[in-house]
Amino acid sequence: MTDLDDAHAVMDAAPDDDAARLRFYERLADTELFMLLDGEPAGNQIEPELFEIENQRFTLVFDREERLSQFVGRVAPYAGLPGRDLAGMLAGQGIGLALNLDVAPSAMLIPAEAVDWLVQTLSHGPAETEARLTEIAAPHVPEAVVAGLDRKLAIAGGLARFAYLAAATYDDGAKGHVLVFIDALDGSEKALASAAGEALTFSGIEAGVMDVMFARAADPLAAHLAKVGLRFDLPEPVTPQAPAAPGMDPDKPPRLR
């Protein structure tokens with residue numbers, strides 16, 4: 001079972017649960033998908049192989065290379081890219097995703113309208129504002145938001161050491177919550193802010209504000225947050241290892257090309 005299998009099972013068991021559906025699409029956006037191609041790539045240009053199903057066009061995608069191999073049963077060209085990038089490439093062209101057909105419990109047809117919706121949802125990036133914190137306290141957010149942040153920050157390893165979530169009051173009297181990243185890498189601010197925003201969007205919470213800030217571990221703010229905030233530890237970056245010879249690992253069959 002994969003993350004997509006699990007998310008699909010939850011969604012399938014509760015078809016009227018908007019939050020479960022949102023979590024499935026979040027996992028789809030964050031998962032690397034392998035798309036069957038119509039031919040070998042020409043430089044940076046790739047052309048998906050398209051199929052017509054029920055009078056709609058779809059491209060075949062799988063969340064594991066082995067699943068693509070199992071479905072195709074032959075050597076075939078393919079491309080692997082994150083679901084969000086794949087959706088962005090197909091948006092507006094009337095092309096849906098035929099996901100894991102015949103090879104997994106998450107097999108389903110995702111229509112072009114849903115692909116366009118996902119791209120539009122992901123495009124809602126954070127906006128920069130200026131405000132001064134006057135008070136921070138223990139956070140009071142739904143568990144869905146905490147779980148969403150856990151999922152998002154788990155794939156942001158190496159971009160910051162950790163983060164604190166706290167209730168916030170600003171100098172203009174506004175109240176909300178703030179997520180403060182500690183010791184973020186230079187240049188990672190936009191990616192981290194987007195991840196935080198997506199966690200809120202896909203949590204299924206219709207209302208709520210969560211700002212994002214950045215601080216250093218030596219800042220007085222970090223010391224105060226350590227007392228009242230909810231801490232999220234980001235994974236350490238994975239150290240690349242020399243790849244084994246193709247076909248030598250029984251758990252990783254050779255890639256199709």
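Helices (H or I, at least four residues) and strands (E, at least two) are taken here as DSSP runs, numbered from the N terminus. The model is a predicted one, in which local features need pLDDT of at least 70 and side-chain atom pairs count only at pLDDT 80 or more, while totals for chains, interfaces and linings use all residues. Residues are numbered from 1 along each chain as its sequence is written, and side-chain values use heavy atoms, with hydrogens and water left out.

Asp183 is found in the loop between β9 and α7 (189-201). Although Asp183 is not a glycine, its phi is positive, at about 55 degrees. With a relative accessible area of 17%, Asp183 is buried (buried means under 20% relative accessible area, exposed over 50%, and partly exposed in between, with a 1.4 Å probe and protein chains only). Asn55, in the loop between β2 and β3 (56-62), is also not a glycine and has a positive phi of about 65 degrees. Asn55 counts as exposed because its relative accessibility is 73%.

Strand β9 (residues 175-182) holds Gly176, which is buried at a relative accessible area of 16%. Its C-alpha atom is separated by 6.2 Å from that of Met210, 34 residues apart along the chain. Not counting residues up to four places away in sequence, Gly176 touches Ala166, Ala167, Ala168 and Val209, where contact means heavy atoms within 4.5 Å.

Next come the aromatic rings. A search of the whole structure finds six aromatic pairs; rings of Phe, Tyr and Trp (its six-membered ring) pair if their centres lie within 6.5 Å, and planes under 30 degrees apart count as stacked, over 60 as edge-to-face and the rest as tilted. Phe24 and Tyr25 form an edge-to-face pair, 5.4 Å centre to centre with 80 degrees between the planes. Tyr25 and Trp117 are also edge-to-face, at 5.4 Å centre to centre and 70 degrees. This second pair links distant parts of the chain, with Tyr25 in helix α2 (residues 18-30) and Trp117 in helix α5 (residues 112-122), 92 residues apart.

Leaving aside neighbours within four places in sequence, Phe24 is in contact with Leu4, Ala7, His8, Met11, Leu99, Met108 and Ile110. In soluble globular proteins, nonpolar side chains tend to be buried together.
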